[in-house]
Each structure stands twice: as C-alpha cells, then as structure tokens.
Amino acid sequence: ARIRVAVNGFGTIGKRVAEAILKQPDMELVGVVKTKPDYVAKHAVSSGIPLYTLSDRLDAFREKNIPVEGSLEDLLEKVDVVVDATPGGVGKEYKPLYERFGVKAIFQGGEKPEVAEVSFNTLCNYEEALGKRSVRVVSCNTTGLLRSICSLSRIAKIKKVRATMVRRASDPKEVKRGPVNAIVPNPVKLPSHHALDVKTVLPTLDIVTTAVVVPTTLMHVHIVFAELEDQVSREDIVATFEQTPRILLADASLGLTSTADLVEYARDLGRKRYDIPELVIWLDSIAVLGREVMWMQAVHQESIVVPENIDAIRAVMEAAKSAEETIRITDETLGIMH
Ligand code: NAD
C-alpha cells in the first residue's frame, strides 16, 4: 500500500513538497491544509489537489466558492504521515494534535530542534530517522552546509569548518521584508545560530558560522572554509562533490558566474518556479591550501529541502532502508541532476 500523506501549510515549502509527493510511486497525497481562501487555494483545487482547512475556516472557503473536503482533523484521520510546513514556530502547536491522531510528523527548520526526535539530512543521518515518530528537516542554509560537509567527510576527516552565509532578504512572493538597500549583519552578535543547527545533525563537528542579509530574493551564497586532519588533493575534493547526489558543480567559464545565471539556467531547463533543489558549488572556487579547503556554494532556499522532506517520509515509514535507496527514487522522480 502507498504511504498516505497530508501537508499542513501550503506556502513556499508546502506547495513544493505536495507536488513532489504527487510524483512518488510509493506515496499518495491525501490532502493539503490551507488557511486562506485565496488564489493559491483556487489553483490547488483546479490542479486536482484535495484541499482541507482549519475547522473554523470552512465557511470562509464556502463563501468564496472554493470547495474543501473537510477539516485538518478529517484529513489526519486518513493519513500515515503529515508534513508540517506551517510558519516557523507554528508546527510545535500542532504536535499534540498529530500525536493524538497517531500520525507521524515531519517538521521544518523553522521549528526548534526539540519539536522532533531527530533533526535530519539524508546524506548525513538517514538511518537515525528510520521508524521515528517525528523528524525535523533542517533549514535551507543548514541543508546546504550539511550536503557539502557530509560529502567532504566521505574522503577526509574534518577538523573544523568556518562559514559565512550571504542570505537572501526574502522569498520572491514576500512583499514586506527587507532590506531593500543595505547589507545587514544578521545576527550582529557572532557567531550565528546556523552552526548550532548543523550540530543538531553532526553534534561533534567543530563549526562556527556568521551571516549577513543582502537585497536579493533568488538564492543564498555560502563561503565555506574547512580544515582537514590530513592533506587531500583538490582533484579528490572535486571528485567527491561531483559524485555526491544533489550536488552540482557550476562551471564559471560557461557563464555560470552568479545566482542570476543559475536561476536563468533553471528557467532555460523549464524547471517549475525555477527551482534548484541541488546544492550548487562553484567548481572554480574550490581551493586547497595545505590542509585548508575553501569553496563557494549557492542554495535555492525555496526548493533545497524538498527532496529531504520526501526522504524523511520514507524514513519514518521505513519504506527505504538506506539513504541510497530513497535518493534513487526521489531524485529520479523529481528530475534532480547529478
Ligand atoms: P510560508 O509562509 O510560505 O508558508 C506557510 C503556510 O502556512 C502559509 O500558506 C500560511 O498561510 C500557512 N499557515 C499559517 N498559519 C497556519 C496554521 N495555523 N495552520 C496551518 N497553516 C498555516 O512559509 P515557508 O517559507 O513555506 O516556511 C515553512 C517552514 O519551512 C518554516 O519552518 C520555515 O522556516 C521553513 N523553511 C523555509 C524556507 C524558505 O526559504 N522559505 C526554506 C527552508 C525551510
């Protein structure tokens, strides 16, 4: 039988995860929960996605003639797993409800780590999530850091990591966030919390991070320094990044010199919403100085966590026993390049 899945919260992350579930041979999207009867709700219905809402919003949807199948509780009766993609901090409010319905829950990076039994990245700790009742897929920045760090640790023992995140100001659809014309140290008190988030998955790693926010909506960029226990050649580092699923090496000599170029390439590929679920590392940026390695990478914040959400569903249901097994299905169905 297919895994029956609900998505609660149908925003940037929720809509993408819902569409990814529709593409999985072993999953059924039973319904999504929307709070507002808006254009997104209308479009979901017209694309055949069963829509549910909160029990006190049913009338608001009826007034706008947007058909809903029932309430969140009605939906939870019918599923094995719920992907919570509500705004950061809201997921924990729903946790008792999910537990009451005996439904396994996948939370997002905007929640505190305590919300779930394990914080998760497929390449780093897939097996720790097997059979768990709740899993937290870490944030977009943390997912990007973990992909490259866990790739590098396949061939080297990492002594420490120091990284700076140049963060996008808002997602394209957000109208009230800034800055419009400034570079904002965020947080100004160093270090930033991103390292702590990496440690929820890799508790023993020596990592320190800093971050600034810049006026762009397209992607985040990370500048990463790692010190290794032993010297490793640039060739071997390039090879491990190349061979790791969900990592793409961008060739600046082909014109892929900025996040704008990466997004233009995604649009040329005809990718829906110009999504780039792969972590992009600039090939030319990878440099080795003795036991130090440095590189620059780009993270498409709106889509990078989508494959990990799909893998997390398989992990809690024990529907794939290894990271390799789930990655094969997820990446093929989502057209992830390698
Ligand atoms: P979003 O605001 O785009 O979407 C959240 C959705 O939940 C909206 O549709 C909103 O109407 C709905 N909602 C609000 N209150 C609700 C409630 N009480 N019950 C049900 N639904 C409710 O947010 P998002 O960017 O998709 O973020 C969701 C989570 O994913 C957060 O934890 C965030 O930190 C994390 N995340 C976001 C990004 C990103 O860049 N956007 C990247 C990775 C992880």
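Does Lys272 count as buried, partly exposed or exposed, and how many C-beta neighbours does Lys272 have inside 10 Å? Lys272 counts as exposed, because the number of C-beta neighbours inside 10 Å is 10. The cut-offs go like this: a residue is buried if 20 or more other C-beta atoms lie within 10 Å of its own, exposed if 12 or fewer, and partly exposed in between, with the C-beta atoms placed from the backbone.

## Ground rules

What you have here is a predicted model, where local features need pLDDT of at least 70, side-chain atom pairs count only at pLDDT 80 or more, and totals for chains, interfaces and linings use all residues. Residue numbers start from 1 along each chain as its sequence is written. Helices (H or I, at least four residues) and strands (E, at least two) are DSSP runs, numbered from the N terminus.

Lys272 sits in the loop between H10 and strand E14 (279-282). Its C-alpha is 9.7 Å from that of Arg16, although Lys272 and Arg16 are 256 residues apart in sequence.

Tyr265 belongs to helix H10 itself (residues 259-268). With 18 C-beta neighbours inside 10 Å, Tyr265 counts as partly exposed. From Tyr265 to Ile276 is 11 residues along the chain, and their C-alpha atoms are separated by 9.7 Å.

## H1 against H11

Arg16 turns up again in helix H1 (residues 12-22): Arg16, Val17 and Ala20 meet Val306, Asn309 and Ile310 of H11. Contact here is a matter of C-beta atoms, placed from the backbone, lying within 7 Å. By class, this contact has 4 nonpolar, 1 polar and 1 charged residues. For those classes, Ala, Val, Leu, Ile, Met, Phe, Trp, Tyr, Cys and Pro count as nonpolar, Asp, Glu, Lys and Arg as charged, and the others, Gly among them, as polar.

The axes of H1 and H11 (residues 306-316) come within 9 Å and cross at roughly 55 degrees. Such axes are lines fitted to C-alpha atoms, for helices over the stretch in contact, with angles from 0 to 180 degrees between N-to-C directions. H1 and H11 are therefore oblique to each other; under 35 degrees would be roughly parallel, over 145 roughly antiparallel, 65 to 115 roughly perpendicular, and the rest is oblique.

As for H11 on its own, 11 of its 11 residues are buried. Among them are the charged-class residues Glu308, Asp311 and Arg314. After H11 comes Glu318, with a positive phi near 50 degrees.

## H7 against H9

Helix H7 (residues 140-152) packs on helix H9 (residues 234-243) at about 125 degrees, with the axes 9 Å apart. That angle makes H7 oblique to H9, and the crossing is right-handed.

On the H7 side you'll find Ser148, Ser151 and Leu152, which meet Ile237, Thr240 and Phe241 in H9. The residues of this contact split into 3 nonpolar, 3 polar and no charged.

## The two sides of H5

In helix H5 (residues 91-100), the buried residues are Gly91, Tyr94 and Tyr98. They cover an arc of only 60 degrees around the axis, which puts them on the same side of H5; the arc is that of the directions from the helix axis to the C-beta atoms. Glu93, Pro96 and Arg100 are exposed on the other side of H5.

The buried residues pack against strand E1 (3-8), helix H4 (72-76), strand E5 (81-84) and strand E6 (104-107). Just after H5, Gly102 takes a positive phi of about 65 degrees.

Technical notes
Contact = placed C-beta atoms within 7 Å. Left-handed = near helix turned anticlockwise from the far one by under 90°.
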